[in-house]
Amino acid sequence: MIKGTSSSLLKGRATLNPATQDEMLQTIYDEAERMNWLVGNLLDMTRIESGSVQVQKEWQPLEEVVGAALTRLESQLRNHPVTTNLPADLPLLTLDSVLIEQVLINLLENAATYTPAGSPIDLSASAARDAITVAIADRGPGIPSGDEDRIFEKFYRVASADSQRGVGLGLAICRGIVEAHGGRIRAENRPGGGAIFRFTLPLQRTPPLVAPESDAPTHQPMTANNPHH
Ligand code: ADP
């Protein structure tokens, strides 16, 4: 698409009217962006699989990571009312905020992509003794029964997803990141319709009183090439 359109544009510069040329440039731009996104996802997946993702955990309030993800997705979420329900007394977590933000972004993007415009998205969290559970729920078509686990596999897409851009890596990346944190992620259908994705993050008992040691490995943000950022 990029090659074909740019080649037509080069050849037809003298004859094509400006509006057509603008349209063709927009196509080239959109396709380049899509390719960038795809390469970012492939690199993320490769890093997860090769074990080279360094999880750089720090004590963080979940609220901050959620806020960052929502801000980044502002335009993609403009057609969906998002309700967040985070208990005020949620304990601090040890997490890699760059990576967990990526998990939230992938889940929220899916909740916006695979559901009709206007349908609500609910993000909530709850704490148990050993872990915090984060849930992202939508009112879309849900997951075909039997596919709840397979959607986390690399390149697996539900047949009806064909009309949407995507390659089936977003959830595999989420699983890689959550498991690297010692948590779990799963999908279910929601009573009343829609999908709900839940992931856990283990709680550590006591937040440190002193700053963590400074000889921690250098953090390489996995999202360096990810155009989400
Ligand atoms: P992609 O979005 O690129 O296809 P993902 O790994 O993020 O890849 O998702 C895999 C598949 O799971 C999607 O193709 C879609 O069929 C299904 N899916 C993901 N999120 C939802 C959702 N919130 N509602 C319904 N189906 C979903």
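Here is a quick briefing on the fold, the ligand site and a few single residues.

This is a predicted model, in which local features need pLDDT of at least 70 and side-chain atom pairs count only at pLDDT 80 or more, while totals for chains, interfaces and linings use all residues. Residues are numbered from 1 along each chain as its sequence is written, and side-chain values use heavy atoms, leaving out hydrogens and water.

**Overall fold**

- The protein has five helices and seven strands; helices (H or I, at least four residues) and strands (E, at least two) are DSSP runs numbered from the N terminus.
- Going along the sequence, the pattern is α-α-β-α-β-β-α-β-β-α-β-β.
- Out of 229 residues, 38% count as buried, where buried means under 20% relative accessible area, exposed over 50% and partly exposed in between (1.4 Å probe, protein chains only).

**Around the ligand**

- The ligand has 18 residues around it, and Asn 110, Tyr 114, Asp 138, Arg 157 and Leu 171 come nearest; to be near, a residue needs a heavy atom within 4 Å.
- That shell divides into eleven nonpolar, five polar and two charged residues, with Ala, Val, Leu, Ile, Met, Phe, Trp, Tyr, Cys and Pro counted as nonpolar, Asp, Glu, Lys and Arg as charged, and the others, Gly among them, as polar.
- Helix H4 (97-113) and helix H5 (170-180) each supply at least two residues of the shell.
- Oxygen atoms of the ligand lie 2.8 Å from a polar side-chain atom of Asn 110 and 2.6 Å from one of Tyr 114.
- For Asp 138, a polar side-chain atom sits 2.8 Å from a nitrogen atom of the ligand.
- On its own the ligand exposes 530 Å², and the protein buries 96% of that; areas come from the Shrake-Rupley method with a 1.4 Å probe, and for residues only the protein chains shown count as cover.

**Ala 111 in helix H4**

- Ala 111 is part of helix H4 and is buried, at a relative accessible area of 2%.
- Its C-alpha atom is separated by 9.8 Å from that of Gly 142, 31 residues apart along the chain.

**A surface patch**

- Met 35, Val 39 and Leu 43 make a nonpolar surface patch of about 240 Å²; patch residues have over 30% relative accessible area and no salt bridge, with nonpolar side chains (Val, Leu, Ile, Met, Phe, Trp, Tyr) joined within 5 Å and like charges within 9 Å.
- A salt bridge puts a side-chain nitrogen of Lys or Arg within 4 Å of a carboxyl oxygen of Asp or Glu.
- Val 39 lies in helix H2 (residues 18-50) and is partly exposed, with a relative accessible area of 42%.

How values were computed. Polar contact = N/O pair within 3.5 Å; in protein donor to acceptor, adjacent residues only side chain to side chain.
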